[in-house]
Protein chains: 2
Amino acid sequence: MTQQTLTSEADLIELLAPLTAGAAGAFGLTDDCAYLSPRPGYDLVLKTDPVRAGVHFFSDDPPDAIAWKALAVNMSDLAAKGAEPLAYLMAMSFPEPPTRAWAVKFIEGLRDAQRAFNCHLIGGDTDRSPGPLSISITAIGDVPAGTMVRRATARAGDAIFVSGTIGDSGLALRLHKEAREGRRTSQEQWKLSDEHVNHLIARYLRPQPRLELAALVRAHASASMDLSDGLIKDLERMCKASGVGADIRADAVPLSAAARAVLAVDPHALPTFLTAGDDYEILAAVPRASAASFEGKAAGTRTGMHRIGTFVDRKGVAATGTDGAVLRFDCSGWDHF
Amino acid sequence: MTQQTLTSEADLIELLAPLTAGAAGAFGLTDDCAYLSPRPGYDLVLKTDPVRAGVHFFSDDPPDAIAWKALAVNMSDLAAKGAEPLAYLMAMSFPEPPTRAWAVKFIEGLRDAQRAFNCHLIGGDTDRSPGPLSISITAIGDVPAGTMVRRATARAGDAIFVSGTIGDSGLALRLHKEAREGRRTSQEQWKLSDEHVNHLIARYLRPQPRLELAALVRAHASASMDLSDGLIKDLERMCKASGVGADIRADAVPLSAAARAVLAVDPHALPTFLTAGDDYEILAAVPRASAASFEGKAAGTRTGMHRIGTFVDRKGVAATGTDGAVLRFDCSGWDHF
């Protein structure tokens, strides 16, 4: 029964409809459009960041993980802007109609993610098209009017903070690829425990948007963005947009226990952590005067925010290694083209 | 120079940025998210309807026409809901990086469409992915709070109206396919002038969302939706959602001069007009008492609205032909699966 293929768009819409519960303007997906009644005195914050099989996930990844990631990567942007999630629209394109079992599992993942992020599906579209499975979510959040935290407003002298840990997903991608092929080459080379491997792969499959930091970022940061294409590349982007440069200390960049284990085996791995994509952490500029207070308050959250350097009145990003030498990068991060 | 391929996402973003002029919350596409300050007392109306090469257009269609259609199909939904366009986000996926010439032309088409529909690009995303060129637009409009016109609220006794003319795009698709292969088979069979053919193909390539009817629909219609998957199928959807049925007179369905010319050669073509997709006209339910007034006011717009039947207290859609016999349809319209 559950291996049955869904034969019409209406079948899939019927399965998706419960995800709109609580969102009056979604009409249980029975209308052509959705409406949203904004809170007076708030701005809406909007983002669209599609995910596609072969780029952001593997088509045989667990459907609930695919769903989680599709929503999480958009919520990560909202968090970095200081916004609170409200709702999302989702356009899906299938190369082949999914089985009912796949769709049910996918929707379970969306439901978990919605609950975790406190938002609802309000509309969307599904169609068939050759090419990889693609999920285009448009996320909508809000902030008190005029308070969205921008990318282009970092100032020389501001402290540079990142949340969570950096570089896990880059490691995970390699481990996950090998696991799919039944190999443990890198795990053995890096002498990683199964616990380390599971931690890293969860970081890749189920990124955790840092929504618990949104209010703090809004209150303290002069600029903020989420990290999705590699720390160095995204930091370069913030610098370029803001007309400043950055000095960071590589040994201050927060690493997971698993990443530190890799580093113990391969001391040259650090640059790859700093340029790997899919971190979904927050990069924030915080004025020097409030940096300590910000760090203290952030320490009360699950991941904290870690000071890694300072914005400077100069162009470019310079990273210094543990030995004080400037690190070189073959490539600063991921370009979508 | 213009045949150069765009080698980075940044190049394309730079070309797209001028489309945000006038939209403060877009930050010229230099930020990760956009913001929108809602008008007090208004609801936002949201829609996402992606278009893909091979489904909604051909990959070698003029890039400006592809851009126009990508935006127009979403604006058509807003118009049917009685909403006024505000802004849109656009996620594009390219199988290969486009040439600069293609991108420039595409953006020209978007600029024309934005001006025609009175809205701005405020954000988006571009990436590369195998599979057809895909453009996912999320359109945002607004209506005075609580006035979005729904699909599920047609009542038995309401008059059924459609805007413009029906079935043109279905004819156009056949002519356009043949023209791309250097054939004129259907044009000759149907004895169509070049003017007819050009009119029909323009209907396929450059649909005109009926935004000039939005305020009238909002003021008079008890239910409304846009026609994209075929008149009969979409009417069935409105009936099902509203718990009513519909009687329509096929000879009251408005047809273009070109479609009438086809009908003169092939009197059996009518059902195909009523089930062909891509009309992008408005289907509205209007209470009997105000139907005449609505029709009169709509007559002052470019296309008018044409009464084709009545919603009834029964299930299903019945269409009567010119001879009074009930028309049969092999298939009521387009399913996306």
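Let's start with the symmetry of this predicted model. Rotate chain A by 180°, with 0.0 Å of shift along the axis, and chain A superposes on chain B at an RMSD of 0.0 Å. The two copies are thus related as by a two-fold rotation axis.

Which residue of chain A comes closest to the rotation axis? A:Gly131, with its C-alpha at 1.8 Å.

Now the interface. Contact here means heavy atoms within 4.5 Å. Of the interface residues of chain A, 98% are also interface residues in chain B, so the copies meet through the same surface.

Next, the rings. Over all chains there are twelve aromatic pairs. Take B:Phe94 and B:Trp102: centres 5.9 Å apart, planes at 85°, so this pair is edge-to-face. The cut-offs: Phe, Tyr and Trp rings (six-membered ring for Trp) pair with centres within 6.5 Å; planes under 30 degrees apart are stacked, over 60 edge-to-face, the rest tilted. Both B:Phe94 and B:Trp102 are buried, that is, under 20% relative accessible area with a 1.4 Å probe, protein chains only. In chain A, ring pairs join A:Phe94, A:Trp102 and A:Phe106 in a cluster.

Last, charges over rings: NZ of Lys or CZ of Arg within 6 Å of the ring centre and within 35 degrees of the ring normal. A:Arg39 has its charged end over the ring of A:Tyr42, 4.0 Å from the centre. A:Lys69 does this over A:Tyr204, at 3.8 Å.

Housekeeping. Residues are numbered from 1 along each chain as its sequence is written, and chains are lettered from A in the order in which they are written. Local features need pLDDT of at least 70, side-chain atom pairs 80 or more, while totals for chains, interfaces and linings use all residues; side-chain values use heavy atoms, without hydrogens and water.

Note on methods. Copies are superposed by least squares on the C-alpha atoms of residues with pLDDT of at least 70 in both. Buried means under 20% relative accessible area, exposed over 50%, partly exposed in between (1.4 Å probe, protein chains only).
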